[in-house]
Amino acid sequence: MDMLAGLQSKNSEEAYRLLLLLEEESERSDDLYGELDHFLTLLKDKSSLVRTRGFRLICAQARWDREGWLERHLDELLAELEDGKATAVRQCLAALYPVVCLLPELRPRIREKLDRLDLSKYKDSMIPLLLKDMNELRMMMEEQK
């Protein structure tokens, strides 16, 4: 099965297993770095789940990004933090950890995006969780200075 098709599969369990497998591979080697443009296409999918998978895989390539790919596409990536589903935003915030740790030059833009996020569209029960995630990411950026 084609990797992108697998990530876009209607079978969410299968797609999630593939995501985890690809994230593990991204930890071990730069084999998927050349797929960043393909992962970027996932951010345009109508499904929030698929967009989140693309986001996570892009962030997982931070350790291998010596060509500035993430910097060039950061605005497209960070636009996912405005997803209508709070659970997707929470996953995206967590996926940014390697980016802020490994690519310090991107921290100011990420911090600026966090400061501008409008959380009012989410359920009241989700706002404290989102704020917690955002604050943890901010603290991580501060600790990495």
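Me: Before we start, what pLDDT do local features need here?
Reply: This is a predicted model, so local features need pLDDT of at least 70 and side-chain atom pairs count only at pLDDT 80 or more, while totals for chains, interfaces and linings use all residues. Residues are numbered from 1 along each chain as its sequence is written, and side-chain values use heavy atoms, with hydrogens and water left out.

Me: OK, H4. Is it mostly covered or mostly exposed?
Reply: Mostly covered: eleven of the twelve residues of H4 are buried. Buried means under 20% relative accessible area, exposed means over 50%, and partly exposed is in between, with a 1.4 Å probe and protein chains only. Helices are DSSP runs (H or I, at least four residues), numbered from the N terminus, and strands (E) need at least two.

Me: Which H4 residues are buried?
Reply: Ser-48, Val-50, Arg-51, Thr-52, Arg-53, Gly-54, Phe-55, Arg-56, Leu-57, Ile-58 and Cys-59.

Me: What span should H4 have, and what are its end C-alpha atoms apart?
Reply: The twelve residues of H4 should span 16 Å at 1.5 Å a residue, and the end C-alpha atoms are 16 Å apart, which agrees. The expected span is 1.5 Å times one less than the number of residues.

Me: What is at the start of H4?
Reply: A side-chain oxygen of Ser-47 comes to within 3.2 Å of the backbone nitrogen of Leu-49.

Me: How do H2 and H4 cross?
Reply: The axes of H2 (residues 12-28) and H4 (residues 48-59) come within 10 Å and cross at roughly 10°. That makes H2 roughly parallel to H4. The label covers angles under 35 degrees; over 145 is roughly antiparallel, 65 to 115 roughly perpendicular, and the rest oblique. Axes are lines fitted to C-alpha atoms, for helices over the stretch in contact, and angles run from 0 to 180 degrees between N-to-C directions.

Me: Which residues meet there?
Reply: From H2, Ser-12, Ala-15, Tyr-16, Leu-19, Leu-20, Leu-22 and Glu-23 meet Arg-53, Arg-56 and Leu-57 of H4. Contact means heavy atoms within 4.5 Å. By class, the residues in the contact of H2 with H4 are six nonpolar, one polar and three charged. Nonpolar covers Ala, Val, Leu, Ile, Met, Phe, Trp, Tyr, Cys and Pro; charged covers Asp, Glu, Lys and Arg; the others, Gly among them, are polar.

Me: And H4 with H7, what angle?
Reply: Roughly 5°, with the axes of H4 and H7 coming within 9 Å. H4 and H7 are therefore roughly parallel to each other. Ser-48, Thr-52, Phe-55, Arg-56 and Cys-59 of H4 make the contact with Ala-88, Gln-91, Cys-92 and Ala-95 of H7. The contact of H4 with H7 has five nonpolar, three polar and one charged residues.

Me: What else do the buried residues of H7 pack against?
Reply: Besides H4, they pack against helix H8 (97-102), H9 and H10. The buried residues of H7 (residues 86-95) are Ala-86, Ala-88, Val-89, Cys-92, Leu-93 and Ala-95.

Me: Where is Ser-9?
Reply: Ser-9 is in the loop between helix H1 (3-7) and H2. At 19% relative accessibility, Ser-9 counts as buried.

Me: What does its side chain reach?
Reply: The Ser-9 side chain reaches the backbone nitrogen of Asn-11 at 3.0 Å. Not counting residues up to four places away in sequence, Ser-9 touches Glu-14, Ala-15 and Arg-53.

Me: New topic: is Arg-109 buried or partly exposed?
Reply: Partly exposed, at 30% relative accessibility. Arg-109 is in helix H9 (residues 107-116), and its side chain makes a polar contact with the side chain of Asp-75 at 3.1 Å. A polar contact is a pair of N or O atoms within 3.5 Å; within protein, one must be able to donate a hydrogen and the other to accept it, and residues adjacent in sequence count only if both atoms are side-chain atoms.

Me: Last one, Asp-133: which residues is it in contact with?
Reply: Arg-90 and Leu-93, leaving aside neighbours within four places in sequence. Asp-133 lies in helix H10 (residues 127-143) and is buried, with a relative accessible area of 9%.
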